[in-house]
Amino acid sequence: MTSALETAENPESLKRIVIEPLTRVEGHGKVTLLQGKNRNIRQARLHITEFRGFEKFIQGRPYWELPVLVQRLCGICPVSHHLAAAKATDMIVGATELTPTAEKIRRLMHYGQTLQSHALHFFHLCSPDLLFGFDDEVRHRNIVGVIEDSPEIATQGVMMRKYGQEIIRVTSGKRVHGTGAIPGGINKGLSREEVDYLRKDIAQNLSWAQTAVELVKKVFYEELDYHMDFARIDTSMMSMVNDDGSFELYHGGLRARDSLGKEIFDHIDYTNYTEYLRESVKDWSYMKFPFIKARGEEEGWYRVGPLARVNNCDFFSTPLAEAQRQEFKSLGDGLPVQSTMAYHWARLIETLHCAEAIAELLEDPDLMGKDLRTKGELQSVGTGVIEAPRGTLFHHYEIDGDGIVSKASLIVSTTNNNQAMNESIRKVANQYLDGKRLSEALLNQVEVAIRAYDPCLSCATHAIGKMPMELNLVDAGGQLVDRLEKRTTGQIDRTI
Amino acid sequence: MNTENTFRLDGKDIPFKKGDTIMDAALRAGEYIPHLCHNPEFKPHGSCRLCVVDVNGRHQASCTLPAEAGMEVDNSSDAIRQRRELLLQMLFVEGNHTCPACEKSGACQLQAVAYYIGMLSPHLTHFFPKRSIDASHPDIVFYHNRCILCGLCVRASEQVDRKSVFAISGRGIDSKLVFNSPDGKLGGSELEFTDKAVEVCPVGAIMPKHLGYETPVGQRLYDTKPISVVGDVAAHSKPEKPFISDKSHE
């Protein structure tokens with residue numbers, strides 16, 4: 001159920017508090033709170049204040065440009081979009097199975113980017129809240145404060161991120177916006193020197209990843225009840241899993257479970273995702289609201305990302321991450337762990353898994369293979385889905401007879417969490433802000449709830465043509481001459 | 001040095017043969033003069049104006065000006081460099097040259113010349129013209145956005161391929177490349193992917209279809225050495241066999 005705090009009655013009579021810009025998140029967003037009598041919170045909304053529109057402007061481009069072109073929508077995890085688009089274009093060129101070298105290089109790239117993205121989020125963006133407290137002085141509650149107080153932790157974060165970026169550079173040519181994946185495969189294998197270069201630092205990174213999980217656990221256990229309850233919402237969760245139910249980031253079937261862990265769907269072929277998922281739009285947000293079709297718009301929203309993935313998978317294929325998963329699962333007492341703050345814990349278990357998976361891959365001679373690409377019969381539709389650092393990422397393209405994109409649909413990871421982020425801030429608003437005189441420290445709790453999801457707001461706003469709009473024509477004297485209103489249905493009315 | 005058969009380029013004596021242009025002699029002597037529309041295999045065009053040098057105080061296109069004994073040629077002064085940069089600035093904003101996502105990036109002569117001249121970003125107001133992509137050909141795609149109207153494909157198609165597939169139509173800012181086919185689309189023309197006209201494009205306007213970003217970053221034509229050392233795109237290009245043909249899509 002969506003919260004009653006989504007839309008207040010008579011909003012014009014309420015006091016408006018705006019948190020803008022949201023800090024220590026990717027992209028630009030704001031939160032609006034409406035306060036009534038006795039400072040009761042009557043409405044809480046997360047707004048994304050930028051618009052990207054990739055779904056529209058890649059129409060008319062050749063499909064083989066997609067993996068490189070579409071990744072430009074993000075600078076933090078462009079590899080996710082690079083690989084999701086590459087998987088979609090694999091389908092288009094009829095490459096039903098990649099060569100071992102191509103798949104393993106892509107996996108290596110993906111683990112590298114997940115490692116660096118998670119390290120960035122935990123160390124740079126969230127560790128100030130977790131180490132110093134949500135109400136720490138604002139001038140100290142940032143990465144500079146971490147560098148001053150705990151230089152070893154800050155250095156670890158910087159170096160882990162650097163290592164992940166180096167994996168991306170070696171596999172795609174550049175640390176940001178490379179060109180490694182192409183339709184049907186990749187454009188280069190690794191040399192012996194490149195493999196040895198990456199092997200040199202993996203043991204250290206694996207060790208740091210273990211330390212990081214222990215650190216987040218220590219912080220979490222110190223105030224266990226508070227962290228379990230803060231911004232908690234009980235939701236369904238969706239993620240990708242392997243055929244054997246194990247944790248998967250690159251390729252597998254989709255699994256969704258309800259808030260009690262009961263199966264909604266499992267191992268579904270992601271190319272049929274439109275049979276299971278729908279999106280709705282709301283007139284106050286540029287970001288769409290996806291939901292599980294079978295459960296309807298009101299009940300069907302869900303969470304994705306580390307919390308969903310670690311909850312949903314049956315096991316990790318790597319031993320250290322699996323041991324951590326078992327401890328994590330014990331928090332839920334047989335049920336899914338619904339704590340929003342547990343996102344941090346799950347994220348670092350994933351980081352550990354990525355480090356283990358990278359270590360395994362770097363021993364695999366297939367990385368140095370020469371068979372890079374496959375192809376088949378050209379198809380007119382391609383769908384690519386991967387687990388990006390922030391959650392399940394969908395790319396769907398249709399091309400015309402000349403190979404030009406005629407339709408594109410993106411469900412970006414953060415979009416999946418749209419309703420959940422809104423509900424989490426409403427929970428925080430209700431629990432900690434209601435009836436209070438608002439201070440920076442209290443408002444930071446709203447941001448802490450959002451940060452737990454690691455949203456990438458710039459990635460998430462692509463729907464065009466569905467947004468409501470009001471166009472006023474005013475003469476030189478300030479008199480309203482004409483007004484057009486565009487509805488979410490696309491209908492345009494003259495309202496003067 | 002026999003001054004009857006040499007001219008001076010930036011203080012160096014450059015020998016020339018009868019019929020040489022300044023460009024011909026300079027390139028043979030290993031002296032790079034920036035250019036886009038010049039290709040030694042074809043008649044000079046003199047249209048891009050990047051190769052303009054100062055000859056005895058006058059600005060002249062080096063690709064069309066016959067070499068003469070005793071000429072004093074300035075190819076590297078600040079004034080010449082600034083003139084070339086302005087021309088490049090205009091070329092970049094007149095079309096839609098989005099290097100960061102273009103599959104020709106790293107192997108594009110326009111980009112390489114810009115780096116050579118020292119132009120690192122556009123400073124003029126972009127025109128953002130609305131130009132189409134012609135993907136009607138089964139093996140080749142034409143990007144009007146990237147075409148700089150150098151005329152090399154026109155000359156190659158006419159002089160080598162003997163097909164006259166391409167022509168420049170219109171005047172001034174309305175000039176555009178057109179195709180000799182019944183419906184005006186590339187797919188209806190006689191162009192084949194092995195044609196010389198496909199090889200000579202210095203930018204990403206004429207590209208093989210279904211292919212892009214094949215060469216890894218770091219191994220592209222101009223990734224490690226400047227164009228003054230590497231030379232033109234056309235000197236290195238070879239026909240690529242189609243990865244997939246549209247025919248399989250029909």
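Why does B:His38 count as buried? B:His38 has 28 C-beta neighbours inside 10 Å, and therefore counts as buried; the term applies where 20 or more other C-beta atoms lie within 10 Å of a residue's own, while 12 or fewer make a residue exposed and values in between partly exposed, with C-beta atoms placed from the backbone. This is a predicted model, in which local features need pLDDT of at least 70, side-chain atom pairs count only at pLDDT 80 or more, and totals for chains, interfaces and linings use all residues. Residues are numbered from 1 along each chain as its sequence is written, and chains are lettered from A and ligands numbered from 1 in the order in which they are written.

**Confidence**
- The predictor assigns the complex an ipTM of 0.92 and a pTM of 0.91.
- Chain B has a mean pLDDT of 93, with 96% of its residues at 70 or more; pLDDT is the predictor's confidence in each residue, on a scale from 0 to 100.

**Surroundings of B:His38**
- B:His38 sits in the loop between helix 1 (22–28) and strand 3 (52–55) of chain B. Helices (H or I, at least four residues) and strands (E, at least two) are DSSP runs, numbered from the N terminus.
- Apart from residues up to four places away in sequence, B:His38 touches B:Met23, B:Pro44, B:Cys51 and B:Cys63. Contact here is a C-beta to C-beta separation within 7 Å, with the C-beta atoms placed from the backbone.
- B:Gly151 is 113 residues from B:His38 along the chain, and their C-alpha atoms are separated by 9.3 Å.

**Domains**
- The domain bounds come from an automatic or database domain assignment.
- Chain A has domain 1 (54–424) and domain 2 (470–496), with C-alpha centres 42 Å apart.
- Chain B has domain 1 (3–76) and domain 2 (81–211 + 232–241), and here the C-alpha centres lie 25 Å apart.
- Between the two domains of chain B, 13 residues of domain 1 are in contact with 20 residues of domain 2. The domain 1 side of this contact divides into seven nonpolar, four polar and two charged residues. In this grouping Ala, Val, Leu, Ile, Met, Phe, Trp, Tyr, Cys and Pro count as nonpolar, Asp, Glu, Lys and Arg as charged, and the others, Gly among them, as polar.

**Contact between the chains**
- Chain B contributes 22 residues to the contact and chain A contributes 23 residues.
- On the chain B side, these residues comprise eleven nonpolar, seven polar and four charged.

**Strand 1 of chain B and its partners**
- Strand 1 (residues 6–9) of chain B has B:Phe7 and B:Leu9 on a covered face, and B:Thr6 and B:Arg8 on an uncovered one. In a regular strand the side chains alternate between the two faces of the sheet.
- Four bridges pair strand 1 with strand 2 (residues 12–15) of chain B in the antiparallel sense; two strands pair if DSSP finds at least two bridges between them.
- Across this pairing, B:Leu9 stands opposite B:Lys12 and B:Arg8 stands opposite B:Asp13.
- The hairpin of these two strands has two residues between the strands, and B:Asp10 takes a positive phi near 50 degrees.
- Strand 1 also pairs with strand 5 (residues 72–74) of chain B, in the parallel sense and over two bridges. There, B:Glu72 is the bridge partner of B:Arg8.

**A three-stranded sheet in chain B**
- The strands of this open sheet follow the order 6-7-10, with antiparallel pairing.
- Strand 6 (133–134) and strand 10 (206–208) of chain B each have a single partner strand, so one side of each is left without a neighbour in the sheet.
- Strand 7 (residues 140–143) is joined to strand 10 by three bridges, and B:Val141 has B:Met207 as its bridge partner.

- Six of the eight residues of helix 4 (residues 152–159) of chain B are buried, among them B:Leu152, B:Cys153 and B:Val154.
- The buried residues of helix 4 pack against strand 8 (166–169), helix 5 (196–199) and strand 10 of chain B.
- In the largest nonpolar core, of 136 residues, A:Ile349, A:Ile425, A:Ala429 and A:Ile450 touch the most other members. Such a core is a set of buried Ala, Val, Leu, Ile, Met, Phe, Trp, Tyr and Cys residues joined through C-beta atoms within 7 Å.
- A second, separate core has 67 residues, including B:Phe7, B:Phe142, B:Phe179 and B:Ile206.
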